[in-house]
Amino acid sequence: MGNDVTKLGDDELIVQLDECRARLGESIANDYGCETVRGITSRVGELEAEAERRGLHTPR
């Protein structure tokens with residue numbers, strides 16, 4: 001999961017953010033464990049921060 005988010009194109013950034021948000025919801029719903037949820041939450045935060053830095057509008 002640890003790609004450098006600054007090297008992603010805008011479209012890829014949005015796709016990865018959407019996928020991570022979906023994975024986070026699935027992880028919580030299926031009780032995959034704290035470590036998984038923490039990792040995905042961290043990645044979502046990285047992607048959201050980069051999207052905000054670029055001025056991209058992403059639905060939450």
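1. Helices here are DSSP runs of H or I with at least four residues, numbered from the N terminus. On that basis, glutamate 12 belongs to helix H1, which covers residues 10-29. The model is a predicted one, and the remarks that follow should be read accordingly.

2. Glutamate 12 has a relative accessibility of 38% and is therefore classed as partly exposed, given that this class lies between the 20% and 50% limits. Together with Asp11, Asp18 and Glu19, Glu12 gathers in a surface patch of negative charge.

3. Glutamine 16 is also placed in helix H1. With a relative accessible area of 12%, glutamine 16 is buried, since the limit for that class is under 20%. Its side chain makes a polar contact of 2.9 Å with the side chain of arginine 43.

4. Arginine 43 is itself buried, at 3% relative accessibility. Besides the contact with glutamine 16, the side chain of arginine 43 meets that of glutamate 46 in a salt bridge, with an N to O distance of 3.1 Å. Glutamate 46 is partly exposed, with a relative accessible area of 35%.

5. The loop between H1 and helix H2 (34-54) contains aspartate 31. The phi angle of aspartate 31 is near 50 degrees, a positive value in a residue other than glycine. Aspartate 31 is exposed, at a relative accessible area of 67%.

6. Glutamate 50 and arginine 53 are 3 residues apart, about one turn of the helix. Glutamate 50 and arginine 54 are 4 residues apart in helix H2, so about one helical turn separates them. Arginine 53 is exposed, at 59% relative accessibility, whereas arginine 54 is partly exposed, at 23%.

7. In general, side chains of opposite charge can pair when their charged atoms come close. The count for this model comes to 6 salt bridges, among them the pair of glutamate 46 and arginine 43.

Note on methods
Residues numbered from 1 in each chain as written. Predicted model: local features only at pLDDT ≥ 70, side-chain atom pairs only at ≥ 80, totals over all residues. Heavy atoms only, no water. Patch = residues over 30% accessible without salt bridge, like charges linked within 9 Å, V, L, I, M, F, W, Y side chains within 5 Å. Areas by Shrake-Rupley, 256 points an atom, 1.4 Å probe, with all protein chains shown as cover. Salt bridge = Lys/Arg side-chain N within 4 Å of Asp/Glu carboxyl O. Lys, Arg positive; Asp, Glu negative; His and termini not counted. Charge placed at Lys NZ, Arg CZ, Asp CG, Glu CD. Helix = DSSP H or I, 4+ residues; strand = E, 2+ residues; numbered from the N terminus. Buried < 20%, exposed > 50% of the residue type's maximum accessible area, 1.4 Å probe, protein only. Polar contact = N/O pair within 3.5 Å; in protein donor to acceptor, adjacent residues only side chain to side chain.
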